[in-house]
Amino acid sequence: MSRTSATTNAARNAVVELLRVSPVADDLASRFAAAGHRLYLVGGSVRDAMLGRLGNDLDFTTDARPPEIMKIVTGWADAIWDTGIAFGTVGAAKHGAQCEITTFRSDAYDRVSRNPEVRFGDSIEADLVRRDFTVNAMAIDLSTRQFIDPHDGLDALANRVLDTPATPQESFADDPLRMLRAARFVSQLGFTCAPRVLSALHDMAGEIERITAERVQAELSKLLCGAHPRLGVELLVDSGLAAHVLPEVPAMRLEIDEHHQHKDVYEHSLVVLDQAIALEKDGPDLVLRLAALLHDIGKPDTRRHVPGGGVSFHHHEVVGAKLVRKRLRALRYSKEITEDVSRLVFLHLRFHGYGKGEWTDSAVRRYVTDGGDLLPRLHKLVRADCTTRNRRKAGALQRTYDGLEERIARIAAEEDLARVRPDLDGNEIMRLLDIPPGPLVGKAWSFLKELRLDQGPLEYDDAVAALRSWARTQGLGAAGEGEAAESDEVAAPGGEDQPG
């Protein structure tokens, strides 16, 4: 089939897909035509239409200027927003479709920041040449159904290759974020980079320092939540970009895994990432994927050679948790994500003390309590961290963890492990010890919680006796013991989770 016929078929398929998923586009194009303007489906929307994955977020470009766009969509759209109007973009919602309509642009960059001097253009061709990659530099004229592909984006799409409309050096110098977007598209689409793009990534990786942490974080998150995150991470590392945005990951290449199961800790971490993803049930889990990728970043700083040629990484989970917290804060991740990932890294080795089931019920309670809301993710991370090639050993580890989960389920059914808390709440502690709110109540609450973890649920009288015994060790004498034994008259409290 000639390239012309292939292009014609691709254009026809893209338009059919577009109109099947969103007739809103055809309706909108008619309004622009009636006003004397052309409207084009453009960029990622064309790419996704060809891939059969077009969603409800549609990107358009037009020769109309922003005020004219506003007039055309007013009275038609269900909602309009103009937050991007300074950059020529008007947003509109219609029947569930989110449309972004942008005037042709021919921007100029200062190459110090990534912020362009916005210049409106007069042709679709000039608009397309400024796009990041050729697979995003295709358009469909919605009035004539003409497919526009001046930079061979169709061929790139067919060959699953990322290339740039201009030279990669020009493109990345204009906006270094495009280098991270390359890795993100590799992850999302499973594409590879053209040789000249790879060369430019290597040579220009340092330019990513011009990009704010927030934008780097957004691209990393999209990369990790893609269909092929390992490919994206490998491109970041091999190109040198990771050394600037996530340096702890390439640092792991230098450290040999203590079990000698993989070439190095870096390769092991990629396998863990793959295996953690395989355990997901409800779509991409950013916290789990971050934890899987970063769970061993404490190893380079804790590596020690031991007699006989071995290597140890004692307490790498402690060091790793601190490094995770530092890096994710620098990338401006939310406090919740930062603390959750750090906690998972800190806990990921805890299971290996379980042996063949020697843990007491107390130890199991502590494992559950320390995992808290993260316990389902911790289960996945621990299972994914088993990367031995020895099938017998791998099977034994999985069976052992099965046994731990069964014990957790049994104890949880008996004791409500989801909300392990003291048998007496803060108000009851203050009443029994006749003390006011303050640090002492917190100490008493913590003592009772530890007792609860060690012994399981206590009868009310036993909890009161234990509290009073503890109070005497704190110099409180017989505080509260003058109150007659009221246990027969006082119902066991079901109060607060935290001290009053």
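**Close-up views of a predicted protein model**

Figure 1. Buried means under 20% relative accessible area, exposed over 50%, and partly exposed in between, with a 1.4 Å probe and protein chains only. Residues are numbered from 1 along each chain as its sequence is written. Because the model is predicted, local features need pLDDT of at least 70 and side-chain atom pairs count only at pLDDT 80 or more, while totals for chains, interfaces and linings use all residues; side-chain values use heavy atoms, without hydrogens and water.

**Figure 2. The surroundings of Y367 and Y401.** Leaving aside neighbours within four places in sequence, Y367 is in contact (heavy atoms within 4.5 Å) with R350, F351, W359, L375, L378, V382, Y401, L404 and I408. Y401 itself is placed in helix α21, residues 391-415. Helices (H or I, at least four residues) and strands (E, at least two) are DSSP runs numbered from the N terminus. With a relative accessible area of 1%, Y401 is buried. Not counting residues up to four places away in sequence, Y401 touches F351, Y367, L378, H379, V382 and R383. G355 lies 46 residues from Y401 along the chain, and their C-alpha atoms are separated by 9.7 Å.

Figure 3. Helix α17 comprises 15 residues, 316-330, and should span 21 Å at 1.5 Å a residue; its end C-alpha atoms are 21 Å apart, which agrees. The expected span is 1.5 Å times one less than the number of residues in the helix. The buried residues of α17 are H316, E317, G320, A321, L323, V324 and L328. These buried residues pack against α15 (286-294), α16 (299-302) and α18 (335-347). Just after α17, R332 takes a positive phi of about 65°.

Figure 4. The side chains of R325 and E339 form a salt bridge at 3.2 Å, N to O. A salt bridge is a side-chain nitrogen of Lys or Arg within 4 Å of a carboxyl oxygen of Asp or Glu. R325 lies in α17 and E339 in α18, so the pair ties together parts that are 14 residues apart in sequence. R325 is partly exposed at 23% relative accessibility, and E339 is also partly exposed, at 27%.

Figure 5. R407 and D361 meet through their side chains in a salt bridge of 2.8 Å, N to O. Since R407 belongs to helix α21 and D361 to helix α19 (residues 361-371), the pair ties together parts that are 46 residues apart in sequence. R407 counts as buried at 16% relative accessibility, whereas D361, at 28%, counts as partly exposed.

**Figure 6. Further salt bridges.** E207 and R210 are joined by a side-chain salt bridge of 2.9 Å, N to O. E207 is partly exposed, with a relative accessible area of 31%. Elsewhere, R230, E234, E267 and D274 are linked in a network of salt bridges. The count of salt bridges comes to 27.
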